[in-house]
Amino acid sequence: IILSTIPSHTFFVGISILRARHEYALAAAGHEKRVMDLQVEVMACAYEDVQVMWSILDKSKSGSNLQC
């Protein structure tokens, strides 16, 4: 694509959208890593009730994803 044929405002809006999508993807990846880190800590916890609560939360998260 020749940039001179694209109106400048359209070009900058497109760049802004691409940047926002990239930042969203990075944030989602960071969130997933924090959840996985938390899961490792919970499973290492000696208290069984903490592990049971985590499994309930994990199952409810899976169930809510299926309903969407």
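Predicted model: local features only at pLDDT ≥ 70, side-chain atom pairs only at ≥ 80, totals over all residues.
Trainee: What share of the 68 residues is buried?
Mentor: Let's take the surface first: the accessible area of the protein is about 6,100 Å², and carbon and sulfur atoms hold 67% of that area. A residue is called buried when its relative accessible area is under 20%. By that cut-off, the buried share of the 68 residues is 3%.

Trainee: Which residue forms a salt bridge with aspartate 37?
Mentor: Nice one to look up in the model, as the whole structure has 1 salt bridge. Both partners sit in helix α1, 4 residues apart, or about one turn of the helix. The closest N and O atoms are 3.0 Å apart, and the partner of aspartate 37 is lysine 33.

Trainee: Is lysine 33 buried or exposed?
Mentor: Compare the two partners with the cut-offs. Aspartate 37 has a relative accessible area of 35%, so this residue is partly exposed. Exposed means over 50%. Lysine 33 has 52% relative accessibility, and therefore counts as exposed.

Trainee: Which residues make the nonpolar surface patch of about 380 Å²?
Mentor: Patch members need over 30% relative accessible area. Isoleucine 15 is partly exposed because its relative accessibility is 34%. The patch is made by Ile15 together with Leu18, Phe11 and Phe12.

Trainee: How far apart in space are glutamate 41 and glutamine 51, C-alpha to C-alpha?
Mentor: Begin with glutamate 41, which is placed in helix α1 and counts as exposed at 58% relative accessibility. In sequence, glutamine 51 is 10 residues from glutamate 41. In space, their C-alpha to C-alpha distance is 9.9 Å.

How values were computed. Residues numbered from 1 in each chain as written. Heavy atoms only, no water. Patch = residues over 30% accessible without salt bridge, like charges linked within 9 Å, V, L, I, M, F, W, Y side chains within 5 Å. Areas by Shrake-Rupley, 256 points an atom, 1.4 Å probe, with all protein chains shown as cover. Salt bridge = Lys/Arg side-chain N within 4 Å of Asp/Glu carboxyl O. Buried < 20%, exposed > 50% of the residue type's maximum accessible area, 1.4 Å probe, protein only. Helix = DSSP H or I, 4+ residues; strand = E, 2+ residues; numbered from the N terminus.
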